[in-house]
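Visitor: I have a structure open here and would like to go through it. Can we start with what sits on the inside?
Guide: Fine, here it is.

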Amino acid sequence: MASSSSCRTWHCLLALLLLSSAAYGQLSPSFYAKTCPRLELVVRSTMTKALLADRRMGASLLRLYFHDCFVQGCDGSILLDDMGSFVGEKTAPPNGNTVRGYEVIDEIKKNVELVCPGVVSCADITALAARDGVFLLGGPSWKVPLGQRDSTTANLNEANSDLSVTSLSLDVLIASFAKKNLSPRDLTALLGAHTIGFSQCVNFRDHIYNGTDIDPAFATLRKRSCPAQAPNGDSNLAPLDVQTQLVFDNAYYHNLVAKRGLLSADQLLFGGGSQDALVRQYAANPKLFESDFVTAMIKMGSLGPPSGTPTQIRRNCRVVNS
């Protein structure tokens, strides 16, 4: 009898192990429901504190999340510090000196570890922080697919190639999103994230001085804080949305229709091309924009690292576990 009972117990344990292993390949909003039920409360409270100190942080963490997902999937690779011979994505030109908010991710991770040590990935914390940043600035909320794990590698070359948005045509922009299995509609909705946040003069100088698809009065306004001669004023900031830069709404699309997109990549969405009609729809219907934005965010958030990539749950988001 003892042997039979032990055998049944072993079968149960084996089944549980197989189910647990399978679960790591499946994303779900309830992934941590049993292992860390207070997770989202901890993230939301830490994000609220961060935005009370700096409302720009909502946009900054949304951008950090985009830049993580667009390089080998949503795996927390952007969070890894350069160390010794290891050079990661954090100091790649599209990220260095422009992506910010790492210290907020560190704070959230510290607070989560206090209640659920060794359970929640830095990748998932970044996803939840991005969602909460949007929500706390007046945007929609959504159920984040959780269960992503942290990579033990980063890809500097891919960061340099896949995050550059200068000198693009609309077709090239669409193709760059298609590489991530994101449609033109996803592209147009996701760039609506530029309804919040700021950009540096170095990123929009060419557009305001040499662009032909820009409102002259808007260009003149932006030139006041962005001198023509580089590197003068390179790091000077201007709002991506000239109307409501700290509120998540659909004003970005109104700006595009009025030829007031700050970045050349923004204005590409509305310039006689394939996305003009959708831009007008989003400008007229904020609920449609929010719905499509949420759909695209969930789709992007499901991007994982390439098959076979070693992963873990990092104890410190900045370094691989020793």
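Visitor: How many residues are in the largest nonpolar core?
Guide: This is a predicted model, and its largest nonpolar core has 73 residues. Those with the most contacts inside the core are Leu39, Leu62, Val112, Leu190, Phe293, Met297 and Met300.

Visitor: Which helix gives the largest share of this core?
Guide: Helix H3, residues 57-69, with eight residues.

Visitor: And where does the core lie relative to the domains?
Guide: Between domain 1 (38-163 + 303-312) and domain 2 (182-300), because both give residues to the core.

Visitor: Take Phe293. What does Phe293 touch?
Guide: Leaving out residues up to four places away in sequence, Phe293 touches Leu62, Val134, Trp142, Ala189, Leu190, Ala193 and Phe248.

Visitor: What about another core, how many residues there?
Guide: Another core lies apart from the largest one and has 11 residues, including Ala219, Cys226, Leu240 and Leu262.

Visitor: Back to the domains. How far apart are their C-alpha centres?
Guide: The centres of domain 1 and domain 2 lie 23 Å apart. The contact takes 22 residues from domain 1 and 18 residues from domain 2.

Visitor: How much area do domain 1 and domain 2 bury between them?
Guide: About 1,700 Å², with 76% of that on carbon and sulfur atoms. On the domain 1 side, Arg56, Phe66 and Trp142 supply 29% of the area buried against domain 2, more than any other three residues.

Visitor: How many salt bridges across that interface?
Guide: Zero, by the rule used for domain 1 and domain 2.

Visitor: New topic. Which residue does the UniProt "active site" annotation cover?
Guide: His67, according to the UniProt record, which is an unreviewed entry.

Visitor: Is His67 buried or exposed?
Guide: Buried, because its relative accessibility is 10% and the cut-off for buried is under 20%.

Visitor: What does His67 touch?
Guide: Ile78, Pro94, Asn95, Val99 and Leu163, again not counting residues up to four places away in sequence.

Visitor: Last one, helix H9. Which of its residues are buried?
Guide: H9 spans residues 201-210, and Cys201, Phe204, Arg205, His207 and Ile208 are buried there.

Definitions and conventions. Residues are numbered from 1 along each chain as its sequence is written. This is a predicted model: local features need pLDDT of at least 70, side-chain atom pairs count only at pLDDT 80 or more; totals for chains, interfaces and linings use all residues. Side-chain values use heavy atoms; hydrogens and water are left out. A nonpolar core is a set of buried Ala, Val, Leu, Ile, Met, Phe, Trp, Tyr and Cys residues joined through side-chain atoms within 4.5 Å. Buried means under 20% relative accessible area, exposed over 50%, partly exposed in between (1.4 Å probe, protein chains only). Helices (H or I, at least four residues) and strands (E, at least two) are DSSP runs, numbered from the N terminus. Domain bounds come from an automatic or database domain assignment. Contact means heavy atoms within 4.5 Å. UniProt positions are given in the numbering used here, feature names are shortened, and annotations may be inferred rather than shown by experiment. Buried area is the accessible area (1.4 Å probe) that two parts lose on being put together, summed over both. A salt bridge is a side-chain nitrogen of Lys or Arg within 4 Å of a carboxyl oxygen of Asp or Glu.
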